[in-house]
Amino acid sequence: MSEKPTPAAPKKAASTKAAAAPTPTEPEQAPVPTAPEPTIQEPTIQEPTNQEPPTSAGIGGLRIVVAEDEALIRLDLAEMLAELGYDVVGQASDGEQAVALVQEHRPDVVIMDVKMPVLDGISAAEQIGKERIAPVIMLTAFSQKELVERARDAGVMAYIVKPFTQADLAPAVDIATSRWAELKALEGEIADLGERLETRKAVDRAKGILMTRLKLSEADAFRWIQKTAMDRRLGMREVADAVISQMPATK
């Protein structure tokens, strides 16, 4: 009797099930960046390089008119300036003559005594300032507050106090020419006279803060304000106000 064929064993079911597909989850939302508050960054101060002090040829080229009613002082002043490399293009003994020489020669700087005959130095400085010819340095032995305020209102840019030495002259010329350049820059940016005066006050205050906090010279402080305004497309008044609010002067 033939044997019945053994039925094939059923295929073993897979012991494991296919892994379930992961349930999709919503991606985490990245935090929305917030715009940082605008701040005025402190300028990078470059280390000074070892440079030789300026010679007469280095600081020369500036043309100066001198006005002083005392002949000896006037001659000494002109000689000191010439030794420093400046070009003294005119000498006046009174304020009226000084104005005429300045109008004729159009110098880079005017140095005049506060007390002179015919027309005093402050009145002469006021006339020169109205015509925007050159910065005026006041030569004076007086330090009264009223006199200083009147001279400032007349547009005087710097002072030399008697008795003076040759070492006093170059720094005064540098200050006067630097402040004159600042004034020209403000005039180019702001047409309104009243707003220009307010801007100049704010810029002067901001310069003082930068000079104290960052040990900058007056010229470097102004250049930083001017460059920051250009880089950020702001007015110098806006930059000055930001410096005043964010970098308060130390007491």
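In the predicted model, helix H3 spans residues 95–105, and its buried residues are Gly-95, Ala-98, Val-99, Leu-101 and Val-102. Viewed along the axis of H3, these buried residues fall within an arc of 165 degrees and therefore line one face of the helix. An α-helix has 3.6 residues a turn, so residues three or four places apart point the same way. On the face of H3 turned away from the buried side, Glu-96 and Glu-104 are exposed. The cover over the buried residues of H3 includes strands S1 (63–67), S2 (87–92) and S3 (109–113), together with helix H4 (121–130).

Both ends of H3 show local features. At its start, a side-chain oxygen of Asp-94 comes to within 3.0 Å of the backbone nitrogen of Glu-96. Just after H3, Arg-106 adopts a positive phi of about 50 degrees.

The strands that contribute to the cover of H3 belong to an open sheet of 5 strands, which pair in parallel in the order S2-S1-S3-S4-S5. S2 and S5 (156–161) stand at the edges with a single partner strand each, so one side of each has no neighbour in the sheet. On average, neighbouring strands of this sheet are turned by 20 degrees against each other, direction ignored. Within the sheet, S1 and S3 run parallel and are joined by 4 bridges; Ala-67 has Met-112 of S3 as its bridge partner.

Other helices also lie across the strands. Helix H2 (residues 71–83) lies across S1, S2, S3 and S4 (136–140), and runs at about 170 degrees to S2. H4 lies across S3, S4 and S5, at about 160 degrees to S3.

Key
Residues numbered from 1 in each chain as written. Predicted model: local features only at pLDDT ≥ 70, side-chain atom pairs only at ≥ 80, totals over all residues. Heavy atoms only, no water. Buried < 20%, exposed > 50% of the residue type's maximum accessible area, 1.4 Å probe, protein only. Helix = DSSP H or I, 4+ residues; strand = E, 2+ residues; numbered from the N terminus. Arc of directions from axis to C-beta. Contact = heavy atoms within 4.5 Å. Polar contact = N/O pair within 3.5 Å; in protein donor to acceptor, adjacent residues only side chain to side chain. Pairing = 2+ DSSP bridges. Axes fitted to C-alpha atoms, helices over the stretch in contact; angles between N-to-C directions.
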